[in-house]
Every structure is written in C-alpha cells, then in structure tokens.
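Hi,

Here is the structure I promised to pass on. Have a look at it first, and my notes follow below.

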Amino acid sequence: MSLLEIKDLSLGYDGEVLIEKLNFKVDRGDYLCIVGENGSGKSTLMKTLLNLNSPIKGSIVYGDGLHKNEIGYLPQQTLVQRDFPASVKEIVLSGCQARCGLRPFYNKADKQLAFDNMKRLGISELASKCYRDLSGGQQQRVLLARALCAARSILLLDEPVSGLDPIVTADMYDLIKSMNDDGITIIMVSHDISAAVKYADHILHIGEKIFFGTKNEYLKSDIGRFFTSESRGVENA
C-alpha cells in the first residue's frame, strides 16, 4: 500500500481554487519532485499534505503504517526564522516534540536521535553555536536534521535550496539524494526543473495542465519536453 494516495483533490485558499481533481500516489522509497509555474499551488499542496490546509474536495489517504505526525517538514525559510536566537542542538532536538506525546521533556532516546541526525548532516561541531550566526547552507542542514527527527519514513521539503549559492545548492541536492538512497521517502517542491529530472524518480507538474508519472515518462511528455527545453534555454542564456 502507498504511503500517501491523493484522490480527486481540489485545493486553494480564500475561495480561490488553484488545483482541481488531482490524483497521485507516493510509495515508500520514492523521490517525488513537485514542479510548476509560480502561483500554481505547489506550496499550498504541501501544506495540505501536512494537514495545515483543508482540501476543498477529495481525500488524502495515509497508508503503509504512516501517521500524520511522522512526517518531517522543511518549510521555506523566512527572514525572521534565519535570525532565531537558539542553539543548533535546541533547534534539532525540537524536531522530537511529536515523539514526546504527553512527556514534558526530552528523554535519552530523543537526545540520541538529535545527535545522530546532527552527525549524519555533518553539523555535530556546531551543536552549541547560535543558529542565527550560521551560514545559509549550515542553517538548512540544521533544519533538515530537525525534520529528520520528526520523520519516521518521509520528508516534505519546500524549496530547500532557496537563497543558497550554486555550490551549496549542489551539496544540498546531493545530501537529499543520499537520504533517499538510505530509504527516506522524499517529496520536494522545486522551481528548478533541471534538478528535478536529475534527482527525482517521479514528477508531479501542476499548472494549466497536470502531469504525474515517472521521470522518464515526464521527459517524453509534451509538457516535460516543453519545460525541460525551456530550462536548458535559461541555463545557456
């Protein structure tokens, strides 16, 4: 059974419908990239998958033992978040809050999980550093470690390389791919179609037309050929 199955979903906000009759599914171990034009509803879809927004119509079915509070989420960063005055360890550990239940404190297992994820992302030596003093790439690693503390099997990433320089961007994409290779299911919103077809195995393209399928099916489709050729044109400009 799929981790997530979206059936005839319509969504939007303030009475405006952005997407109608959307259907796709995500299986364990998939790497799904959601692409599309600005304003097409990519971030709104992400928030709906997280149960932060309610769908207008349709349903989201959680399967294969997945619970809503077992999904890790890396949102787009705001300027306020970048200036947050807490230590790296505190921020990463806060990803374990959903695991605490009624416990008013973090236990030994929570602290070990936070340490393991900081080590996994190469930020152990930054544990006592103040988050706001870090570079953009370091901050994203901290937030990714936090999301991993919340995730049991699936990560939702909303434009995870936004504002990063090209070298740090490539490093972040490689890091996300390595996590997928280790068995973490990835759903990522991105404006970068060239990166989507390089790293993802499934593509959801939303806009005037909707496409869902494998990367190879996307590259052979009319919408895929149009947008990938347009992306190459921008890169070569």
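Where does asparagine 51 lie? Asparagine 51 sits in the loop between helix H1 (42-49) and strand E4 (57-62); helices (H or I, at least four residues) and strands (E, at least two) are DSSP runs numbered from the N terminus.

Before the rest, some ground rules. This is a predicted model, where local features need pLDDT of at least 70 and side-chain atom pairs count only at pLDDT 80 or more, while totals for chains, interfaces and linings use all residues. Residues are numbered from 1 along each chain as its sequence is written, and side-chain values use heavy atoms, with hydrogens and water left out.

Back to the backbone. Phi of asparagine 51 is near 70 degrees, a positive value in a residue other than glycine. Asparagine 51 is partly exposed because its relative accessible area is 46% (buried means under 20%, exposed over 50%, partly exposed in between, with a 1.4 Å probe and protein chains only). Aspartate 8 also has a positive phi, near 50 degrees, but aspartate 8 is found in strand E1 (residues 4-13). Aspartate 8 is partly exposed, with a relative accessible area of 46%.

On the overall fold, the protein chain has ten helices and nine strands. Its radius of gyration is 18 Å, which agrees with the value near 18 Å for a compact globule of 237 residues (taken over C-alpha atoms; the globule rule is 2.2 Å times the number of residues to the power 0.38). The C-alpha trace spans about 50 × 45 × 35 Å along its principal axes, and 48% of the 237 residues count as buried. Of the contacts (heavy atoms within 4.5 Å) with a separation of 6 or more, 67% are between residues 24 or more positions apart.

Now the inside. Which residues touch the most other members of the largest nonpolar core? They are Leu144, Leu155, Ile176 and Tyr218, in a core of 48 residues (a set of buried Ala, Val, Leu, Ile, Met, Phe, Trp, Tyr and Cys residues joined through side-chain atoms within 4.5 Å). H6 gives the largest share of this core, seven residues. Another core lies apart from it, with 26 residues, including Ile6, Ile19, Ile154 and Ile206. Not counting residues up to four places away in sequence, leucine 155 touches Gly72, Leu144, Ala147, Leu148, Met179, Ile184, Thr185, Ile186 and Ile187.

The loop between helix H5 (108-120) and H6 holds leucine 134, and tyrosine 131 lies in the loop between H5 and H6 too. Leucine 134 is buried, with a relative accessible area of 11%; tyrosine 131 counts as buried at 2%. Leaving aside neighbours within four places in sequence, leucine 134 is in contact with Val88, Leu126, Lys129, Gln139 and Val142.

The largest pocket has a volume of about 500 Å³. Of its 23 lining residues, Tyr73, Pro75, Ser94, Gly95 and Arg146 are the closest to its centre. Strand E5 (71-74), helix H4 (97-100) and helix H6 (136-150) each give two or more residues to the lining. For the record, a pocket is an open set of points on a 1 Å grid over the protein atoms alone where a 1.4 Å probe fits, with protein on both sides within 12 Å along at least five of seven lines, and lining residues have an atom within 4 Å of a point. Points are joined across faces, edges and corners, and the volume is the space filled by probe spheres set on them.

Cheers
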